[in-house]
Amino acid sequence: MIQSLNSTLRRVPAWPLYIVGLAPLLWLVWLLSTGGLGVDPVKALEQNLGDTGLKLIIAGLAVTPLRKYAGLNLIKFRRALGLLAFLYVTLHLTVWLVLDIQLRWGEIWTDITKRPYITIGMAGFAMLLPLAITSNNYSVRKLGAATWRKLHWLTYPAALAGAIHYVMVVKGWQITPMIYFAVVAQLLLMRVKLSRGRMLARFAPDSR
Ligand code: HEM
């Protein structure tokens with residue numbers, strides 16, 4: 001079953017994922033232009049973009065454990081997931097800067113330094129930035145695969161920052177942000193386990 005799914009997916013190019021991934025954005029633009037975003041469209045837009053960004057970061061993080069534990073190979077879609085996540089988070093930040101806080105730089109700086117959920121969100125964005133910049137084949141070649149892979153570990157703290165930011169944004173203890181946080185923490189744990197397993201295998205006496 002998984003093998004036939006993998007061989008079907010091998011024949012599917014990655015580019016249609018960009019179109020599918022842009023659909024929620026087009027839907028949001030449509031809602032915005034037709035007044036379908038409710039009484040506070042800026043807030044709704046900001047929330048939707050942040051939500052989609054976090055979902056896509058999580059989808060990207062799930063690729064490796066899905067291959068390892070379920071045998072499902074989605075590696076070739078990972079770059080598209082990462083770039084789409086970056087796009088949504090960048091738009092989320094842009095809506096905050098331009099529509100919410102309206103480029104009042106003094107206030108922006110105060111919020112970044114004094115509001116912990118903004119500080120953490122900004123840290124998440126800062127970690128996604130080098131990942132997006134180096135997500136091309138030229139950077140992989142230039143940095144070398146090992147350095148590139150090390151750099152891309154930043155996805156985990158970035159996802160963690162995004163999930164903590166979400167927990168802090170909402171009032172009180174709400175279940176949805178907790179679920180996101182638990183999923184990110186679980187994916188991080190699985191990744192640490194996988195890396196430890198690989199390291200132990202490399203240094204095991206019978207592997208030489
Ligand atoms: C990794 C980066 C980030 C992720 C994954 C992320 C994700 C999210 C999520 C999921 C929400 C809650 C949406 C909801 O209530 O359904 C949110 C809210 C929010 N985020 Fe972010 N965010 C990130 C970075 C940022 C940055 C850099 C800023 C601005 C400096 C920011 C500003 C906000 C604001 C103001 C809200 C509250 C919106 C409201 O309810 O009024 N976020 N974000």
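Guide: Let us begin with a helix pair, in which Tyr156, Ala159, Leu160, Ala163, Ile164, Tyr166 and Val167 of α9 meet Thr176, Pro177, Met178, Tyr180, Phe181, Val184, Leu187, Leu188 and Arg191 of α10, where contact means heavy atoms within 4.5 Å. By class, this contact has 14 nonpolar residues, one polar and one charged; Ala, Val, Leu, Ile, Met, Phe, Trp, Tyr, Cys and Pro count as nonpolar, Asp, Glu, Lys and Arg as charged, and the others, Gly among them, as polar. The model is a predicted one, in which local features need pLDDT of at least 70 and side-chain atom pairs count only at pLDDT 80 or more, while totals for chains, interfaces and linings use all residues. Residues are numbered from 1 along each chain as its sequence is written, and side-chain values use heavy atoms, with hydrogens and water left out.

Visitor: Why are α9 and α10 called roughly antiparallel to each other?

Guide: Helix α9 (residues 155-169) and helix α10 (residues 175-203) pack at an angle of about 160°, with their axes 8 Å apart. The axes are lines fitted to C-alpha atoms, for helices over the stretch in contact, and the angles run from 0 to 180 degrees between N-to-C directions. Angles under 35 degrees count as roughly parallel, over 145 as roughly antiparallel, 65 to 115 as roughly perpendicular and the rest as oblique, and α9 and α10 are therefore roughly antiparallel. Their crossing is left-handed, a term used if the near helix is turned anticlockwise from the far one by less than a right angle, with right-handed for clockwise.

Visitor: What makes α4 and α6 oblique to each other?

Guide: The axes of α4 and helix α6 (residues 116-133) come within 10 Å and cross at roughly 140°, and α4 and α6 are therefore classed as oblique. The crossing of α4 and α6 is again of the left-handed kind. On the α4 side, Leu83, Phe86, Val89, Thr90, Leu93 and Trp96 meet Ile118, Met122, Phe125, Leu128, Leu129 and Ala132 of α6, and the residues of this contact divide into eleven nonpolar, one polar and no charged.

Visitor: Which residues of α3 and α9 meet?

Guide: Asp51, Leu54, Ile57 and Leu61 of α3 meet Thr155, Tyr156, Ala159, Gly162, Ala163 and Tyr166 of α9, and these divide into seven nonpolar, two polar and one charged. The axes of α3 and α9 come within 10 Å and cross at roughly 145°, and this crossing, too, is left-handed.

Visitor: Why does histidine 152 count as buried?

Guide: Histidine 152 has 16% relative accessibility and therefore counts as buried, the word for under 20% relative accessible area, with exposed for over 50% and partly exposed for values in between (1.4 Å probe, protein chains only). Histidine 152 lies in the loop between α8 (145-151) and α9 and, leaving aside neighbours within four places in sequence, is in contact with Leu131 and Thr134. Across the chain, buried residues make up 34% of the 208 residues.

Visitor: Why are asparagine 48 and proline 24 called partly exposed?

Guide: Asparagine 48 counts as partly exposed because its relative accessibility is 33%, and proline 24 is partly exposed because its relative accessible area is 33%. Asparagine 48 lies in helix α3 (residues 41-70) and, not counting residues up to four places away in sequence, touches Leu28 and Leu37. Proline 24 is found in helix α2 (residues 15-33) and, with that exclusion, touches Thr52 and Tyr88; the C-alpha atoms of proline 24 and tyrosine 88, 64 residues apart along the chain, are separated by 9.8 Å.

Visitor: How many helices and strands does the chain have?

Guide: The chain has ten helices and zero strands, taken as DSSP runs numbered from the N terminus, with helices being H or I of at least four residues and strands E of at least two. Along its principal axes, the C-alpha trace spans about 65 × 40 × 40 Å. Among contacts between residues at least 6 apart in sequence, 67% join residues at least 24 apart.
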